[in-house]
Amino acid sequence: MMMFFIFAHVIATASTYENLSREELLVAVVKLRHELDQIKRLVFGSKHERFIPSVPPEQLALGLAVDQIDQPEVTTQKVEYTRAIIKADNKPVPTGRMKLPEHLARNQVIIEPEQDIEGLTKIGVEITEELHYTPGTFSVNQIIRPKYVRPFQKEGVAETEIIIAPLPVRPIDKCIAGAALLAYIVVNKYVDHLPVHRQVQRFTREGMKLPASTITGWISQVCALLEVLYALHCKLVFDSDYIQGDETPLKVLDKTKKGTTHQGYLWVYRAPVENLVVFDYQPGRNAAGPTKCLKNFTGHLQTDGYEVYTAFDGKGITLLHCMAHARRKFDEALGNDKQRAEYALTEIQKLYAIERKAKDGNFTQQQRYAIRQEEAAPILKALEHWMIIEYPSVLPKSPIGVAIHYSLQRWKKLSIYLTDGKLEIDNNLVENAIRPVAIGRKNFLFAGSHRAAQNAAMLYSFLGSCKINNVNPYEWLEDVLNRIPTHSVNKLEELLPHRWKPATTLQTQIS
């Protein structure tokens, strides 16, 4: 099927190439071969961009002629030994099957022998453990408030009054769903990518029929409750002096567009130092979105080179670009000019090896700055010189020509990461934050409205920050929904994922 469409494309565009010169035809052939190579790679190839340089066979032998050595006759001998199991911290070294976690509840089933055991001495037990799972089940929390009547005298007249405890504050007033169920629904959709209609099907199998409209309404009310926390979350990110930016499409139902969906965008900003991420929904991909979010931002802004961001460069903002995008261009050019593309990829790989050394060594920002100046700066300078020399020798519109031109045009901003140890070499951190959205799009396909898209942006911000900070998203959301209605406005930052501690932990610290 793929080859049919390619053939049809060639036939349809054949007339386009009739009057082209020989050089123009050569460029067209290179372009078509590159497009075919990319299609094959997309359909059949690996999606990762890891570069493994090709090694000539003679390199392993160092070009030396090695004499063959006669191999002696091999005989076998059976050897037996005893292995000592060394204990550390009074815990045996694990050997064999994984032991099930101690915190899991144990349901004991005792099986006595069929023989008569009366009068026998018990010398021990054999315990066999199997991992059991009970699918999610519904239960009802009954809040029982006894009512009392108290007689009293008022101006000599006997009267009575009803005494009853006040109803505890709940996340959504007069809602049948508690915080645990609300958190479960939100995490199901925005972390585990389970659309509402599939959750309805699951709940029905478990004996509880909940309309999809009801669940959707609950999600909207949860977002309304979290709006004040979202505003604080955004403020902390844009108060940072270093953020990474990117954007990803999101289809949205629009009443004004019948028979089709609106193409909206989630603009994503990640603060690597603070370990927070913010998603902001905008109807378009123009400068309106980042203009609103970055109006008070000053510091380093790292992006993929999208031209919209260039308007912010120099206005209190230092723009730097992503080395992974430059590397990607050379990776795509491997089929066009393998020798030049491999050379560039090998040099870029050396830069990433330096970054990996700093990460594995837990380098401070000052140490990372020092090693970059010493080891990475010479590589970048030499690679730039090589590209300047090679560019006149390649076709400008060929994949390798595009890769060199793309990199040279942005080389100064690609090298800015050398100037500060807190800066990253690429934008991969913010791209990793976008991945859940890409998976979610394949499941729920589109947002129901522009308001629903902004709610999704809010929830992706919180849940994405939970993932970055290794916080269980369900535990965080359930606890926050229980606490936020009565939580002090001046202490809202305690509820953000990077500052959050469970209520039980707080009570333990107080006592």
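Okay, hi everyone. Before anything else, please keep in mind that what we have here is a predicted model. I'll start with the aromatic rings.

So, how many aromatic pairs does the structure hold? There are 10 of them. Take Tyr184 and Phe203. Their ring centres are 6.3 Å apart and the planes sit at 40 degrees, so this pair is tilted.

Are they buried or exposed? Tyr184 has 29% relative accessibility, so it counts as partly exposed. Phe203 is at 1%, so that one is buried. Both also belong to a cluster: ring pairs link Phe138, Tyr184 and Phe203.

Now for another pair, Trp267 with Tyr309. This one is edge-to-face, with 6.0 Å from centre to centre and 70 degrees between the planes. Trp267 comes from strand E4, residues 261-271, and Tyr309 from the loop between strands E6 (299-303) and E7 (317-321), so the pair links distant parts of the chain, 42 residues apart. Trp267 is buried, at 0% relative accessibility, and Tyr309 is buried at 0% too.

Rings can have charged neighbours as well. Arg327 lies over the face of Tyr352, 4.4 Å from the ring centre. Lys329 does the like with Tyr406, at 5.2 Å from the ring centre.

Okay, on to the helices. For two packed helices, you give the angle between the axes and the distance between them. H4 packs against helix H6, residues 212-238, at about 95 degrees, with the axes 10 Å apart. Anything from 65 to 115 degrees counts as roughly perpendicular, so that's what H4 and H6 are to each other.

Which residues meet there? On the H4 side you'll find Leu181, Leu182, Ile185, Val186, Lys189 and Tyr190, and on the H6 side Ile215, Trp218, Ile219 and Val222. Sorted by class, that contact has nine nonpolar residues, no polar ones and one charged.

H6 has another partner, helix H14, residues 473-483. Their axes come within 11 Å and cross at roughly 85 degrees, so H6 and H14 are roughly perpendicular as well. From H6, the contact uses Val222, Leu225, Leu226 and Leu229, and from H14 it uses Trp476, Leu477, Val480 and Leu481.

Last stop, the backbone. Asn275 has a phi near 60 degrees, which is a positive value in a residue other than glycine. You'll find Asn275 in the loop between E4 and strand E5 (276-282), and Asn275 is partly exposed, with 27% relative accessible area. Asn362 also has a positive phi, near 50 degrees. Asn362 sits in the loop between helix H9 (338-360) and helix H10 (365-390). With a relative accessible area of 66%, Asn362 is exposed.

That's it from me, thanks!

Notes. Residues are numbered from 1 along each chain as its sequence is written. This is a predicted model: local features need pLDDT of at least 70, side-chain atom pairs count only at pLDDT 80 or more; totals for chains, interfaces and linings use all residues. Side-chain values use heavy atoms; hydrogens and water are left out. Rings of Phe, Tyr and Trp (its six-membered ring) pair if their centres lie within 6.5 Å; planes under 30 degrees apart count as stacked, over 60 as edge-to-face and the rest as tilted. Buried means under 20% relative accessible area, exposed over 50%, partly exposed in between (1.4 Å probe, protein chains only). Helices (H or I, at least four residues) and strands (E, at least two) are DSSP runs, numbered from the N terminus. A charge sits over a ring if NZ of Lys or CZ of Arg is within 6 Å of the ring centre and within 35 degrees of the ring normal. Axes are lines fitted to C-alpha atoms, for helices over the stretch in contact, and angles run from 0 to 180 degrees between N-to-C directions. Angles under 35 degrees count as roughly parallel, over 145 as roughly antiparallel, 65 to 115 as roughly perpendicular and the rest as oblique. Contact means heavy atoms within 4.5 Å. Ala, Val, Leu, Ile, Met, Phe, Trp, Tyr, Cys and Pro count as nonpolar, Asp, Glu, Lys and Arg as charged, and the others, Gly among them, as polar.
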